[in-house]
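Biologist: Before we discuss this entry, may I have the sequence and the structure in view?

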Amino acid sequence: MPLRRPACYRALGIPMLHSRSKIITYSSSWTFVPTHYCRNTCGYCAFVERTGERAQLVSINEARKEIERARSAGATELLVMSGEGVEESRPVRDRLRREGFTNYIDYLVAVARIALEHDILPHINIGNVNEDELRELRQVVPSMGMMLETVDDKLRRTPAHLRAPDKEPARRLATLRAAGAARVPWTTGLLVGIGETETSRAETIKTIVQIHQQFGHIQEVIIQPFTPHAKTLMENAAPPRFEELRDCVAMARALLPDEVTVQIPPNIAPRFLELIEAGATDLGGVSSDGDRINPEERWLAPRSYAASLMKRGYALQSRLAIYDDWIANDWMSSETLEAVARVRRRLPQIIAASPSSEKEVYV
Ligand code: SF4
């Protein structure tokens, strides 16, 4: 299990920020998508593109420019996000070769290093990865993630996952375990409303608890509502009822150990204040460049969330991509540990709220 207040953390002079009571956290994030290519077709996904410009791989030069923009916008986290099996794409392989990389992981290591040079912490979510890849990435990446979504095998026969072999629960559980074995602080979560049942939601959370008990690496669990998108297989499916989402948040909080944070995305989750009251304590990455999975759902400015939270007696605080409890030698490389100390020093702390800013969109 992770150490609380590790000695090396104190030695770096980094203050502890978290107190679970009335503090709600978020990460000041910027999303970088190396490619929209993915070999799967999930029934709800509006992200995947297999042809055209967005299915290409972004060059390292362009990645550097994007990271400079992130730094100018004040981001402390670079969420690097792509789909599965990107090396199956010929254009992606050609770009990797032209840029001198032997594979996609090498490319991601280079992107992560550029982020660290700019005092931004990379957080990588590229779907399933194996233990060797994780060991390479953890040298320059302090935390990573992958949504488990569900352990319900029946969804593989429904539009949600019928054409998505990488969503096989056993495969995703293997990735969660590999992350634990490689000692990578990890974010995972549930996608609510894609055809699973309340019972299977409970099973999914209990499975995450079991894996965390074995490895101690799960730092947060996202409870994410399904959102229908035009031109997807599930465009006419209904999103989950608010009560289902709220009950799932409450169940996650009740079943997960204290050190694992429950996160909800306030741009797509309805009535986010009620979800906070149900047990969520984190708003996830809030990004001024918009949500790349749900582009129509922009975030509000952090001070707008702070204003709403203040009315219920909560304070909003920014956090790092890696949670405090995992900032320790045995969870991080020396390179990422030093970067965390640098980034922490420029992290804004309690976010000032102004009631007049309550509906201010984050741009
Ligand atoms: S695996 Fe991810 S990127 Fe690929 S189709 Fe599914 S949701 Fe979209």
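Biologist: Which residue in strand E3 is the bridge partner of leucine 78?

Modeller: Please note that this is a predicted model, where local features need pLDDT of at least 70, side-chain atom pairs count only at pLDDT 80 or more, and totals for chains, interfaces and linings use all residues. Numbering starts from 1 along each chain as its sequence is written. Strands E2 and E3 (residues 121-125) run parallel and are joined by five bridges (strands, of at least two residues, and helices, of at least four, are DSSP runs; pairing needs at least two DSSP bridges). Within E3, leucine 78 has as its bridge partner proline 122.

Biologist: Which residue in E2 stands opposite phenylalanine 32?

Modeller: Strand E1 (residues 23-32) also runs parallel to E2, through four bridges. In E2, the residue opposite phenylalanine 32 is valine 80.

Biologist: Glu77, Leu79 and Met81 point one way from E2; which residues point the other way?

Modeller: In a regular strand, side chains alternate between the two faces of the sheet. Five of the five residues of E2 (residues 77-81) are buried (20 or more other C-beta atoms within 10 Å of their own), so the strand is largely enclosed by the rest of the structure. Opposite to Glu77, Leu79 and Met81 point Leu78 and Val80.

Biologist: Beyond four places in sequence, which residues are in contact with valine 249?

Modeller: Contact is taken as C-beta atoms within 7 Å. In the chain, 79% of the contacts between residues at least 6 apart in sequence join residues at least 24 apart. Leaving aside neighbours within four places, valine 249 is in contact with Ile223, Val262, Ile264, Leu275, Ala278, Gly279 and Ala280.

Biologist: What percentage of the chain do buried residues make up?

Modeller: The chain has 11 helices and nine strands, and its C-alpha atoms fill a box of roughly 50 × 45 × 45 Å along the principal axes. Of its 363 residues, the buried share is 47%.

Terms used
Contact = placed C-beta atoms within 7 Å. Buried ≥ 20, exposed ≤ 12 C-beta atoms within 10 Å, placed from the backbone.
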